[in-house]
Amino acid sequence: MASNLLATLSIVLIVLPTVAMATEYIVGDQAGWTVNFDYQAWAKDKVFRVGDKLVFKYAAGAHNVFKVNGTAFQNCEKPPLNEALTSGDDTIVLATPGRKWYICGVAMHCKLAGQKLAITVLPQVEAPAPSIAPSTHYAMTTSSSKKAKFRSTLWW
Ligand SMILES: [Cu+2]
């Protein structure tokens, strides 16, 4: 039971700050951006929000990254080469909500080896305020009314 409680507390402590903070996702985690990796499965249990970042890591020259539309994603159509990200450590900031598609444009990596990623980006979430109630009460009862007023202006 104690370890269950500890686990729950740990999850709360880990999850709470990430609600308000931008998250950086290494695409494919340790595998990086590569062939024969299931990026659909990788993305499935993740929540992407505006402000989060995708980092594509690969050996420069071995792969690249194209942002494409849904049709190009389905058909693995490569955009002009000058639109590719090629550094091997490419960061994309998710700036708008909606469906986003990325493919590798090297050889047949997209078509034959599944090097493609589709995600849905959700709108940004406001920082949650529920834990404010007790501290407001504390401020009202123990501090000057000026401070209490400042707090209520800040949070309500
Ligand atoms: Cu590739």
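**Figure 1. Overview of the protein chain in the predicted model.** The secondary structure consists of six helices and seven strands. Read from the N terminus, the elements follow the order α-β-α-β-β-β-α-β-β-α-β-α-α. The protein chain has 156 residues, of which 18% count as buried. Among contacts with a separation of 6 or more, 71% are between residues 24 or more positions apart.

**Figure 2. The open sheet of four strands, with mixed pairing.** The strand order is β2-β7-β6-β4. β2 runs parallel to β7 (residues 116-122), and two bridges join them. R49 has L122 of β7 as its bridge partner. β6 and β7 run antiparallel and are joined by six bridges; here I103 has K116 of β7 as its bridge partner. On the other pairing of β6 (residues 98-103), three bridges link this strand to β4 in the antiparallel sense. V68 lies opposite W101 of β6. Strands of a sheet pair through backbone hydrogen bonds, either parallel or antiparallel.

**Figure 3. The largest nonpolar core and the surroundings of F56.** This core comprises 17 residues. W33, F56, V65 and I103 are the members with the most contacts inside the core. Two or more core residues come from each of β3 (53-57), β4, β6 and β7. With neighbours within four places in sequence left aside, F56 is in contact with V27, W33, V65, L85 and D90. In soluble globular proteins, nonpolar side chains tend to be buried together.

**Figure 4. The position of I92 in strand β5.** Strand β5 spans residues 89-93 and includes I92. I92 counts as partly exposed because 17 C-beta neighbours lie inside 10 Å, whereas a buried residue needs 20 or more and an exposed one has 12 or fewer.

Conventions:
Residues are numbered from 1 along each chain as its sequence is written. This is a predicted model: local features need pLDDT of at least 70, side-chain atom pairs count only at pLDDT 80 or more; totals for chains, interfaces and linings use all residues. Two strands pair if DSSP finds at least two bridges between them. Two residues are in contact if their C-beta atoms, placed from the backbone, lie within 7 Å. A nonpolar core is a set of buried Ala, Val, Leu, Ile, Met, Phe, Trp, Tyr and Cys residues joined through C-beta atoms within 7 Å.
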